Amino acid sequence: MVGESKLNLFGVINALLLICVGIVTVYPILYIFSISISDTASVVQGKITLFPKGINFDAYLEVLKDKRIPRAYLNTIFYTGLGTFINLLLTAIAAYPLSRPDFIWRKYWMFGIVLTMFLNPGIIPNYLIVSGLGLTDSVWALVIPNAIWTMELIILKSFYEGMSEQVREAALIDGASEFRILFNIVIPLSKPALASIALFYFMGHWNSYFLPMIYLNDSTLYPLQVVLRDMLIFSEGNRASLVDAAALAPQAKKNATIILSMIPVLMIYPFAQKYFASGVMIGAEKG
């Protein structure tokens, strides 16, 4: 009886904590969305607490009419897609030799890679290198310096090390090269790990604004996050402001842009979660 009561108490406390976490997570999103579809008077007077008042979608129409927003949206999609593809490709290739125990100087390579997590040269040396290579004002300034993230490389390396050695040995007996083993066997069997790190890469590129702000001088190349930052900070300045206070409340237009920037992330997460389930290697070994 005592054990059951403890379990019930734990379940109640756990449920309450999860409810609190859910409220803290959902409330800001709901609040932002409510402001974005509420009328100007209610927003300016601060009457919006949870649910919208005077529902209209004028803020979204105004945002989509502005030439900067669609262009920035397309830029972000392009940067994120290209960057994530390069990240996954190079990380998958680099993690394979590091996962092999017979790789020459493997420990020293790993020590140097892990060292980069603690020793960062800083913004100025990175900018001088990127500028010296002539990469400024191009997509490559956002993609190449961050082609491989150390933590994701270590995660994928650990996943490779957990694979069955029998699969690789069978492929070697059949005459397969290391490149064929990597691209035809290892990578297809690594979908759960690749999907996991792909989400991190995707989120990193999609939410990136600091690197574009440093390396991009042409406003036509700005991603959505930089445009959103300008909108949030300099909405009343002279930098091609997106806010027209006479037509809409500034908060409504800002929050409408935030909601639009969240849509791709909200759409991708449910479909990517199915790859998190383990068991791919079990099925491969049984076959």
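Colleague: Is F210 buried, partly exposed or exposed?

Modeller: This is a predicted model. F210 sits in helix α12. Buried would need under 20% relative accessible area, and exposed over 50%. The computed value for F210 is 38%, so the residue is partly exposed.

Colleague: How far apart in space are F210 and R229, C-alpha to C-alpha?

Modeller: In sequence, 19 residues separate F210 and R229. In space, their C-alpha atoms are apart by 10.0 Å.

Colleague: Which elements give two or more residues to the lining of the largest pocket?

Modeller: The largest pocket holds about 720 Å³ of space. Its lining has 21 residues, and N120, P121, N126, P145 and N146 lie nearest the centre. Two or more lining residues come from each of α6 (123-132) and α12 (210-215).

Colleague: How many residues of that lining are charged?

Modeller: The lining of the largest pocket has 15 nonpolar residues. Another 6 are polar. The charged count is therefore what remains in this division: none.

Colleague: Why do the buried residues of helix α3 fall on the same side?

Modeller: Helix α3 covers residues 58-65, and its buried residues are A59, Y60 and V63. They lie on the same side of α3 because they cover an arc around the axis of only 95 degrees.

Terms used: Residues are numbered from 1 along each chain as its sequence is written. This is a predicted model: local features need pLDDT of at least 70, side-chain atom pairs count only at pLDDT 80 or more; totals for chains, interfaces and linings use all residues. Side-chain values use heavy atoms; hydrogens and water are left out. On a 1 Å grid over the protein atoms alone, a cavity is a set of points where a 1.4 Å probe fits but cannot get out, and a pocket is an open set with protein on both sides within 12 Å along at least five of seven lines; lining residues have an atom within 4 Å of a point. Grid points are joined across faces, edges and corners, and a volume is the space filled by probe spheres set on the points. Helices (H or I, at least four residues) and strands (E, at least two) are DSSP runs, numbered from the N terminus. Buried means under 20% relative accessible area, exposed over 50%, partly exposed in between (1.4 Å probe, protein chains only). The arc is that of the directions from the helix axis to the C-beta atoms.
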